[in-house]
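Let's take a friendly walk through a protein model together. Have a look at the display, and then we will go from the overall layout down to a single side chain.

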Amino acid sequence: MDVFYNPEGVGDVLIIPIKQGDRNAINHEKFNNVVKITDEHNGAVLGYNIFNAASQLAIAETGKISLSEKLAAKIQDVFSANGLNEAFDVDLTPKFVVGFVKDKQPHENADKLSVCTVDTGDETLQIVCGAPNIDKDQKVVVAKVGAVMPSGMEIKPTQLRGVDSFGMICSQKELGLPDAPKEKGIYVLDDSYRTGQAFDF
């Protein structure tokens with residue numbers, strides 16, 4: 001999970017996105033320097049903004065910051081100090097990982113889709129993929145359920161033409177990598193990558 005700190009562009013605010021919601025149905029609740037953002041319909045927590053972040057968290061990095069256990073503990077302390085009495089309970093497991101395509105089968109209802117069985121180290125996922133270059137025995141970048149893409153899209157369990165899919169096999173363009181090729185296709189990794197390791201970009 002990533003948080004964001006851009007003092008020059010946004011100000012002294014740590015942005016903590018949790019999940020997507022309807023932008024027209026968002027509730028903001030202020031606890032001194034902390035703003036809790038929830039979905040008006042179901043009360044789900046969508047994120048938090050921590051103002052005056054530098055003095056409260058001693059942030060050394062800027063831009064996208066991987067949320068560590070140490071930083072999560074500091075955020076919990078900030079919640080308490082600002083009167084927000086709830087647990088900062090987030091999943092710290094990496095959401096972008098190296099996967100190994102164990103099997104690839106044609107989709108029963110779509111000629112251009114493949115149904116892939118992908119080992120992500122701690123689990124095996126079924127992922128429907130439309131990339132023309134996907135194949136068995138490749139190492140690829142997998143965005144697991146709960147990942148938020150650089151575009152802002154959250155990866156959720158879905159069905160594509162009637163087949164369940166639990167994650168996304170990513171292209172360089174989808175990952176926002178510089179000099180990404182214009183041709184359609186997933187990012188095929190070399191053997192220096194280990195199945196299950198976090199993919200940093």
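Predicted model: local features only at pLDDT ≥ 70, side-chain atom pairs only at ≥ 80, totals over all residues.

**The overall layout**

The domain assignment divides the chain into domain 1 (2-82) and domain 2 (96-198). Taken over C-alpha atoms, the centres of domain 1 and domain 2 are 29 Å apart. UniProt, in an unreviewed entry, lists residues 90-200 as "domain: TRNA-binding". That span is 0% helix and 39% strand, and its end C-alpha atoms lie 19 Å apart.

**A sheet with a helix across it**

Try to trace an open sheet of six strands, which follow the order E3-E4-E5-E2-E1-E6 with antiparallel pairing. Its edge strands are strand E3 (26-31) and strand E6 (63-66), each of which pairs on one side only. On average, neighbouring strands of this sheet are turned by 20° against each other, direction ignored.

Which strands does helix H2 lie across? Helix H2 (residues 69-81) lies across strand E1 (2-5), strand E2 (13-17), E4, strand E5 (45-51) and E6, and runs at about 80° to E5.

**Pairs of strands**

| Strand pair | Bridges | Opposite residues |
|---|---|---|
| E3 and E4 | six bridges | Lys-30 and Val-35 |
| E7 and E8 | seven bridges | Pro-106 and Ser-114 |
| E8 and E9 | six bridges | Ser-114 and Cys-129 |

Strand E7 covers residues 96-107 and strand E8 residues 110-119, while strand E9 covers residues 124-129. E7 and E8 form a hairpin with two residues between them. E8 and E9 also form a hairpin, with four residues between them, and Gly-121 in the turn has a positive phi of about 95°.

**A closer look at Lys-36**

Now let's zoom in on Lys-36, which sits in strand E4 (residues 34-39). Is Lys-36 buried or exposed? Lys-36 counts as buried because its relative accessible area is 14%, and buried means under 20%.

Which side chain does the side chain of Lys-36 join in a polar contact of 2.7 Å? The partner is the side chain of Glu-86. Leaving out residues up to four places away in sequence, Lys-36 touches several residues, among them Asn-27, His-28, Phe-31, Val-45, Tyr-48 and Leu-84.

Technical notes: Residues numbered from 1 in each chain as written. Heavy atoms only, no water. Buried < 20%, exposed > 50% of the residue type's maximum accessible area, 1.4 Å probe, protein only. Polar contact = N/O pair within 3.5 Å; in protein donor to acceptor, adjacent residues only side chain to side chain. Contact = heavy atoms within 4.5 Å. UniProt positions renumbered as here; feature names shortened; annotations may be inferred. Domains from an automatic or database assignment. Pairing = 2+ DSSP bridges. Axes fitted to C-alpha atoms, helices over the stretch in contact; angles between N-to-C directions.
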